[in-house]
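Please look through the sequence and the model first.

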Amino acid sequence: MMTQATSSQFWLTRPFGERATQTFLGVLFAALLLVTVLHLAVPQGHPLHVNAYTVNLFGKYLSYALLAVAVDLVWGYLGILSLGHGAFFAIGGYAMGMYLMRQIGDRGTYGHPVLPDFMVFLNWDSLPWYWHGFDMAWFAFAMVLLAPGLLALVFGFLAFRSRVTGVYLSIITQALTFALMLAFFRNEMGFGGNNGLTDFRELLGFNLRSDATRLGLFIATGVALALGYILCRAIVTSKLGRVCVATRDAEARTRFIGYRVERFQLFVFVVSAMLAGLAGALYVPQVGIINPSEFSPLFSIEIVLWVALGGRATLYGAVIGAILVNYAKTIFTGIMPDAWLFALGALFVLVTVLLPKGVAGLLGHLKRRKEDDHPPKEAAA
Amino acid sequence: MSLLQSLKARDRVFDFMATEASPVDVRHGPILYMEDVTVSFDGFKAINNLNLTIDDGELRCIIGPNGAGKTTMMDIITGKTRPTEGSVWFGSRHNLLQMNEPEIASLGIGRKFQKPTVFEALSVFDNLELAMAADKRIFPTLTARMTSEISDRIDDVLETIGLTALRFQPAGILSHGQKQWLEIGMLLMQRPRLLLVDEPVAGMTEQEMERTAELLTGLAGKQSVVVVEHDMGFVRSIARKVTVLHQGSVLAEGSMDQVSNDPKVVEVYLGSDEEESA
Amino acid sequence: MRRFLSLGLLCLMLLGTAVSAQAQSSSSTPDDQAALALLTALDVDSYRDKGEAITAILQSDDERARDWLQALLDGRLQRTDDGRFVLVLDNRGRDWPVADALTNEPLGEMSRRDLDRIGINNALRNQLRSAIAVVDLYSPNVERRRTSADRLLGEVDGELAETLEPVIADAEDEYVRTRLAQAVAIYRAEQGEMAGVEALTGSLHPRARVALGRAANSDDPVVAEAAATALAGIEQQLKINRGLETLYFGLSLGSVLVLAAIGLAITFGVMGVINMAHGELMMLGAYTTWMMQQLLPGQPGLALILSIPAGFMVAALVGIAIERGVIQFLKGRPLETLLATFGISLILQQLVRTVISPLNRTVVTPEWMSGSLVINDALSLTLNRMFVLGFALVVFAALMLIMRRTRLGLEVRAVTQNRAMARSMGIRATRVDIMTFALGSGVAGLAGVALSQLTNVGPNLGQNYIIDSFMVVVFGGVGNLWGTLVAGLSLGVINQVLEPWAGAVLAKIIVLVFIILFIQKRPRGLFPQKGRAAEG
C-alpha cells in the first residue's frame, strides 16, 4: 500500500480529490438511489420491486459497514486490534434506545407517564439519574457520540499510557466488552436486563413501523456511512494518518522522532469509538431492539472478520466485507442455520491464511494483472 | 529546591513547544554531560560509573568490544532506559533523566538505531516529512499542509543522502545501505543538536562506507555527532577524538593514535586491534 | 444381650406403666399372634390409643418393629379390606406392590382402593421419629447408630432426656456419645438449664445455636449471660469456618482457572501465539471423558482414570493439527493467529453440536469422588473439588518438571528467550513449536477431563473459560508458570470472597475490571520476565 505525501489542500476536503473516494461515494449514492427508486416507483409484485423488509435489511448492513469502517481505522491504520468495538456500538445503540424508550411516554403496557415498562415491572418508583435528559433528542444524540467516546477515552488513556498494545490490548478489550455484557445483563443496571430496550414507537415524531420511516432511516444510514468514510479518509490521508501507519509499523521509532504516540493512538481510538457509537444508534431504530448480546465478544470479533475479509487499511474494503459477510449470514441462517457457524469459522481461517489482504487486495491484484496483460503502447514499441 | 525544580519543569514545557530552534544552553561548556552513571539489569552492571562529556559541534567516536555498554549508553541518553544512579544533562539546563523519549527527541537529540528502522510502508519522502522538526501535537499534525518551504527542505535532504530518484518509492524496497542513509536523513530533518549514530556502516559496501564518512564529517561542526562503530578503519577515517568503553565504563579517551597505543586498550582488543594499527 | 436389656429398660421408662398388660400378652402367645395384636392395636380412631400402641410395639422386642414404625411414619402401613396388615412397597401410581406386614411375603399388587391407611398426626409423627431413632441406637450397624444419634438432635423432650442420659454413658462409639450428649444438652439449654448451656459451648450445630438463643432469653440472668457468651463464641467459630469454606471454594475455582490457563501460558509464553481455540480443546477433553464412560458402562471410575491419558492425547493431536494446519502459516502475525484460531474454535464447537448434540451431557462422578469430607458441623469439603485441586497441583508440578528437567524444557526455554539465537545453536525451533503446542493443548485436554467432574459437559464449555484463562495468564505474567499458579489461585479466591456481598455476576465484573486496571499498572503481569530479553 502506498500513501500519498501530504498535499497542500485543507485536510477535510482532501479525500474528495482522490479517485478511490470518488468511486466509493459514487457507488454508494447510486446504490441508495437505486434502492429508493425500486422501492417507491416500481409497483409491488413486480420482480424488481424492493420491499420495505429488504430496505430495512440493507439499512442494517449499512450501519454494520460504518462500524467496520471504524474498526478498520484503528486496526488497519493504527495496528490496534480491538476485540471490544461491539461495546462502543452497543453503547451508542443504548443511548438511542433510551431516547426511543422515553418517546413511548404513557403508551407502554403499564401506561406510566415517565417510567419505561421494565422499570414499572421491577417496581421502581423513579428514573435512575442517568436516564434523565434522554427525553430530549439533542441530548440523546449527543450521548450517542459522547458516551462511547468517553469510555474509549478513559480506557484508551490507561491502556496507551502504559504502552499496552498488540495481543495484550486485544485481550483486555475483549475482557472489557465481556464485563460490560455481564453488567448489562443485570436488571439492577437499569437498562432492561436480558430483554434490553424494545417496543419503540417513534423517532423524532416519525412512526418507526411505517415504510416511509424505514426508507428514511436507510438513506440516513447511507449518508452517515458516507460522512464517516470521508472523515476517516481525511484522517488517514493527513500527516496524522501517516504517523498512525508509522506507529503501526515501528512504534518505538515513531516515538524517537518526537511524536507522542500514545496521544495519537488515543485520538484515533476515540474517533473510532464515536463512529461505532453512531453506527449503533442508526442500527437500533432499524432492528427495533437493543440488548446485551451486542456486547458479546463473538460479535466484536466478527466485526474484525468483516474488515479482514474486505481488506485491511483500505476503508472501502471494510464496507465490502461487512456487506458480504452479513448478506451471507442472512442467506445461510435462512436455508441452513447449522452450517453458518462452520462457514464463519472457515472464513476466519481462510481469510487469515490465504487472503491476508482481503477482497480489496484481490481486486488490486486483478487490476494489476490486467494492466500487465495489456501493456501501454509506448512500452511495446 | 522545589522552586528550582518547578522552574525547570516550566522550562521544559516551553522547550517542548518551541521545537524549531533547540533551546539547549551550551554557553557554559559541553552539550552532553554524563556523570557517574550506572545501570544494572538483575545485578549485571551494563553501565558502571560512566563519565562522558561531548562538546558542542564535536564528532566523537565510541568504540569498545561487545557488551561494553555502547547501546545501553544511547538508550540512557534517549530516555529508553533509566539509569540506576548518576545524572545526564543536555547543555547546562536540561536534566534528561526527567524526560520521556518524545520530549528528548523534541529537544534536539536524534538517534539512528543499530538495525535501520524506517517506516517501510511509507515512501522515502513521507519518512522524511514525518521526521521533520515541526509541531508534533495531534491537531497541528492532522491539519498540516505541505508548503513549498517544507518540500524544498525535504528535497535538500534527499539530495544530501542521495535518494532523490527514489523519493516516491516505499522505504521497504530500499537496500540496506540506502535505509541507513534514509535514517540519517530523517535525523537531519529533525535538525538535532546532537546526533547519536549506532553502527552506521554495518553491512555496507566500500563505496557506501566512503559516502557515509563524507556525510558524517560534513555534519560535524553544525551538529554534535556521536558515532558508535566496530569498524576500526571507518573510525580512523572520520575520528578526531575516540572514547573506548569497556565493561560499562571509559577505558581510554583521546586521538585514534593515542588510544590505539594505549596498553590497556590493546589488552582488551588483543590481536584484532594490533592488526588494525599495523 | 446387654443391648437388648437396655432397650427393654429404656422402653419401660418411656412408657411408664401404661402398657404392662400388652407386654404380658406378647410374651405368652406365639409370635405372629402377638404381632397381629400389636398391629391391630394401631387400628383405632383415638390418637392417644395409637400412641400407646406404638409404645407397645417399641417395647415388644419384635425384630419387625422398626419396619412397622418406619412404614407407619411414611403412611405405608395399611390394612386390607379383609383385615390383614400390609406394607406398601411403592406408593406411586394406581396399583401398589405390597408385602405382608407379618411374614414380609410379597403379595403382588393391590389397588389403592382396597387399602386403608393407618393415619397419624404430627404428635405421633414426632413420637415415631424419636422411637425409630431410639431403636436404631441399638442397631448392630455403627453407621445406623450414628445417623440415629444425629436425628435425635433437637428432638429430645423431657422424658427422652432422662432415659438417654444413662445410654450416653454406655455408648461404645465416641461419635454417638458426643452426639447424644449434645442432643440432651440442647433440650437442657432450651429449658434454661445451666448444664445444657455449658455443654453446648463451642458446638457448631444449627440446633445448638437455636437452643442457646432461647437460653439467652432465659429469666435467669446468669444462664442468659452464659448463653450469650457461648453464642458469641460460636458466631466467632462460624465466621472462621465460613472463611475457610470461602477459601476452599476459592482455591477450587482457582485450581480450575490454573488448569485452564496453564496450557495457554505455555503456548502463549513460548510461541507468542494466542490460541483462541484453547477452550475448545478443554471441551474435547471433557467429551473424551464422557465418551469413555459410554464405552465402559458401569465403571465410571475406571473410565475417568483412562480419560486422563486419552483426553491428553485427543487434545494434543487436535492441537498438532491446528499448529501444522494453520498456525505455522501465520508466523510472526499474532493478531491473525488470534483470528484464525477463533475460527477454529467456532468450527469445533459447531462440530460437537452437530455430531454429538447441542445439549449438555452429564459425566458420572465415581463413588470414591462423590460425597464430602466433614470437618465439623459448619464445614464440609466436597471430595470432587478436592480431587480437582489435587489434580491441578499434580499437573502443575509435572509441567514444572518437564520445563526444568527435560531436554524439551531446556529447548523451550531457549526458544522463549531468544528464538534466533536458539535456532543458530542448532535447536530445531519448528519441532519445539510442535511439541510445545501439543503439550499446551494436551494440558487443555486434562483441564477438560477435570472440569467434567464439576460442571455439565456441553459445546459451550470452553467458551466460558477462555476469557478467564487469558486474564490469568496476563495477570500472572507471560511465560511464567509460577505466575500462572499464583494468579489463578488468587483470582479464584478473590472471586469467592467478593461473591457473598457483590453477587456472582458483579464479582466477576469487579475481577475483570481489576485485571484491566492492573495491566495498566504492570503491563507485564505479577511476575514479569526480567532482563534484556524482555526489553525488545
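This is a predicted model: local features need pLDDT of at least 70, side-chain atom pairs count only at pLDDT 80 or more; totals for chains, interfaces and linings use all residues.

## Domains of chain C

The domain assignment divides chain C into domain 1, residues 2-129, and domain 2, made of 250-364 + 373-465. Between the C-alpha centres of domain 1 of chain C and domain 2 of chain C there are 60 Å.

## Annotated transmembrane regions

An unreviewed UniProt entry marks residues 247-274, 302-322, 386-403, 470-494 and 500-519 of chain C as "transmembrane region".

For two of these stretches the model gives further detail. Residues 386-403 of chain C are 100% helix and 0% strand, with end C-alpha atoms 26 Å apart. Residues 470-494 of chain C are 84% helix and 0% strand, and there the end C-alpha atoms are 17 Å apart.

## The sheet in chain C

Chain C has an open sheet of five strands, ordered β4-β3-β2-β1-β5, with antiparallel pairing. β4 (106-111) and β5 (115-117) of chain C are at the edges with a single partner strand each, so each has one side without a neighbour in the sheet. From one strand to the next, the twist averages 45 degrees.

Strand β3 of chain C (residues 95-100) is joined to β4(C) by four bridges, and the two run antiparallel. Pro97(C) has Glu109(C) in β4(C) as its bridge partner.

## Contact between chains A and C

Contacts link 38 residues of chain A with 32 residues of chain C. On the chain A side, α5 (137-161), α6 (166-185), α11 (297-310) and α13 (337-354) each provide at least two residues. The most come from α6(A), with 14 residues. By type, the chain A side has 29 nonpolar, six polar and three charged residues.

Methods
Residues are numbered from 1 along each chain as its sequence is written. Chains are lettered from A and ligands numbered from 1 in the order in which they are written. Domain bounds come from an automatic or database domain assignment. UniProt positions are given in the numbering used here, feature names are shortened, and annotations may be inferred rather than shown by experiment. Two residues are in contact if their C-beta atoms, placed from the backbone, lie within 7 Å. Ala, Val, Leu, Ile, Met, Phe, Trp, Tyr, Cys and Pro count as nonpolar, Asp, Glu, Lys and Arg as charged, and the others, Gly among them, as polar. Two strands pair if DSSP finds at least two bridges between them. Axes are lines fitted to C-alpha atoms, for helices over the stretch in contact, and angles run from 0 to 180 degrees between N-to-C directions.
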